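Thanks for asking me to look this one over. My notes follow as numbered points, with the cut-offs given where they come up.

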Amino acid sequence: MRVAVVGGGWAGIAAAVELTAAGRAVTLFEAGRRLGGRARAVDLAGRTLDNGQHLFLGAYRDTLALMRRVGADPDALFVRRPLRVIDNAGFDLALPRLPAPLHLAWGLLAARRVPWREKLATAAWMRGLQAAGFRLPADPTVAAWLDGAGQTGALRRHLWEPLCLAALNTPAERASAQVFANVLRDSLGGPRRADTDLLLPRRDLGQLLPQPAAAWLAARGCELRLGHRVRTLAATADGVAIDGEVFAGAIVAVAPQHLPGLLPGEAADFTYEPIATVYLQYDPPAPLPFPLYGLSGGHGQWVIDRGDGLLAAVLSGHGAWEELADAELVSRLHGELGQIRLPVWHRVIREKRATFSCRPGLRRPGPATAHPRVFLAGDHAWAEYPATLEGAVRSGLAAARAGLDRSAFGKP
Ligand SMILES: Cc1cc2nc3c(=O)[nH]c(=O)nc-3n(C[C@H](O)[C@H](O)[C@H](O)COP(=O)(O)OP(=O)(O)OC[C@H]3O[C@@H](n4cnc5c(N)ncnc54)[C@H](O)[C@@H]3O)c2cc1C
């Protein structure tokens, strides 16, 4: 009997690849016309762009390994740059090519527009966090945590709060301090300098994983049922019936808002945050000081240089920007970028439920469900991380391994 994977986002892809490599015959159901879910390529007026700008870090080890496994070469598909956080208010923190943790110490001490006293206090705070393994005694909001640590100056405004919003898609006032600390542990606080590197995609999201994975899976007998939205999932004593068809077992890798229809008992208490990506095409190109540039004091938070004059501005989390019409948002972002010439083309893509809101104490599921042959995957099911591609990929691998370990998917 075959094994079903429901949902062809990065979690479902990871699960399908792991099961196929373990010799299982897999059927992958995806409601959309192509794989990728919330990280996919979209066709817009003759261009192929991303449904939303995504950033990757060197710490995305399982994502990069999965890409390699299906024949996609991260060295060719990303531009790798040492992390630099620079914004339009003059803040500039660049990590040098020194071994960890020297790179962080140097970067902090050399940061522009930060008083010396604050730099030294922050370096001591980071050392304390490292010594404690980034485990916090409680899980307050990031804002309360930073208040308690005396992080109330320039580094908070220009580094911690923007990084929190970028990583958790939840503003510091609502975000989980422990999950943010986990992100810091595996990036800035990690043992490898390369983990902090920024990986800027040279190609659209489809080419990074969904397309090569689809080809890899199809070549190994995985059945891809695109455009098939699963309506019913019923676990029986010796299998799982999906829209009436019986499988040995199943991995359900849908976003949490789609869970209630399939597995009512597993739906947890998630709320959601939006993301908008505003694409602005300039001609001639409008160069940025660094391909990732922070915007402070306006609606946008970051702008990314996609090459050939295309800029992608990102607006994360609930905010006043949601009330603005697309044309107004474009005009405001253009102003915040300080460009003289008007963009020759623009497009706004809004993802209303881009990610779950990563709040303190949020209950997150693991791979196991009430039924021994049904497993959960998805960014929400990797409790260590906020909604990220790396969390999604790790959850997909974990669900596949859990099912294989418990012999829930039959024999190869
Ligand atoms: C605009 C935007 C920007 C982001 N930026 C970043 C970033 O910079 N870095 C980062 O790491 N992460 C980022 N994220 C988060 C990241 O995209 C997600 O965490 C990740 O894609 C989630 O993958 P997933 O497989 O868990 O879920 P999804 O991608 O939601 O996949 C679930 C899939 O299930 C399918 N599905 C649902 N119901 C059914 C059904 N009944 N039958 C069949 N199929 C079904 C859906 O169509 C979907 O394809 C961003 C997200 C957005 C939207």
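A residue is called buried below if 20 or more other C-beta atoms lie within 10 Å of its own, exposed if 12 or fewer do, and partly exposed in between, with C-beta atoms placed from the backbone. Please keep in mind that this is a predicted model: local features need pLDDT of at least 70, side-chain atom pairs count only at pLDDT 80 or more, and totals for chains, interfaces and linings use all residues. Residues are numbered from 1 along each chain as its sequence is written.

1. Let me begin with a covered helix. Helices (H or I, at least four residues) and strands (E, at least two) are DSSP runs, numbered from the N terminus. Helix α10 (residues 210–219) is mostly covered, with 7 of its 10 residues buried. These are Pro-210, Gln-211, Pro-212, Ala-213, Ala-214, Trp-216 and Leu-217. They pack against α1, β2, α9 (205–208) and β10, where contact means that the C-beta atoms of two residues, placed from the backbone, lie within 7 Å. After α10 comes Gly-221, which has a positive phi near 85°.

2. Two strands pair if DSSP finds at least two bridges between them. The sheet is open and has 5 strands in the order β10-β2-β1-β14-β20, with parallel pairing. Its edges are β10 (223–226) and β20 (374–376); each has a single partner strand, so one side of each is left without a neighbour in the sheet. On average, neighbouring strands of this sheet are turned by 15° against each other, direction ignored. Axes here are lines fitted to C-alpha atoms, for helices over the stretch in contact, and angles run from 0 to 180 degrees between N-to-C directions.

3. Within that sheet, β1 (residues 3–6) and β14 (residues 249–252) run parallel and are joined by 4 bridges. Val-6 has Val-252 of β14 opposite it. Helix α1 packs on the sheet, where it touches β1, β2 and β14, and its direction makes about 170° with that of β2.

4. On the domains: the bounds come from an automatic or database domain assignment. The assignment gives domain 1 (3–40 + 58–73 + 203–270 + 361–405), domain 2 (83–196) and domain 3 (272–356). Between the C-alpha centres of domain 2 and domain 3 there are 24 Å, and 13 residues of domain 2 are in contact with 15 residues of domain 3. On the domain 2 side, β7 (84–86) and α7 (154–168) each supply at least two of the touching residues. The largest share, 4 residues, comes from α7. By class, that side has 7 nonpolar, 4 polar and 2 charged residues. Here Ala, Val, Leu, Ile, Met, Phe, Trp, Tyr, Cys and Pro count as nonpolar, Asp, Glu, Lys and Arg as charged, and the others, Gly among them, as polar.

5. Which residues are closest to the ligand? They are Gly-7, Gly-9, Gly-37, Gly-52 and Thr-388, in a shell of 36 residues; a residue is near a molecule or strand if its C-beta atom, placed from the backbone, lies within 6 Å of it. Domain 1 and domain 3 each give at least three residues to the shell. Among the elements that supply at least two residues each are α1 (10–21), β15 (272–281) and α13 (389–405). The shell has 17 nonpolar, 13 polar and 6 charged residues.

6. Strand β16 (residues 292–294) runs antiparallel to β17, with 3 bridges between them; Leu-292 has Ile-304 as its bridge partner. β17 also pairs with β18 (residues 310–316) in the antiparallel sense, over 4 bridges, and Asp-305 is opposite Leu-311. In the hairpin of β17 and β18, with 4 residues between the strands, Gly-307 has a positive phi near 90°.

7. Finally, some backbone details. Most residues other than glycine have a negative phi, and most peptide bonds are trans. Ala-100 and Pro-101 are joined by a cis peptide bond with omega about 0°, and Pro-101 sits in the loop between β8 (92–94) and α4 (102–110). A cis bond also joins Asp-283 and Pro-284, with omega about 5°. Ala-45 has a positive phi near 45° and is exposed, with 7 other C-beta atoms within 10 Å. Arg-113 has a positive phi near 65° and counts as partly exposed, with 14 C-beta neighbours inside 10 Å.
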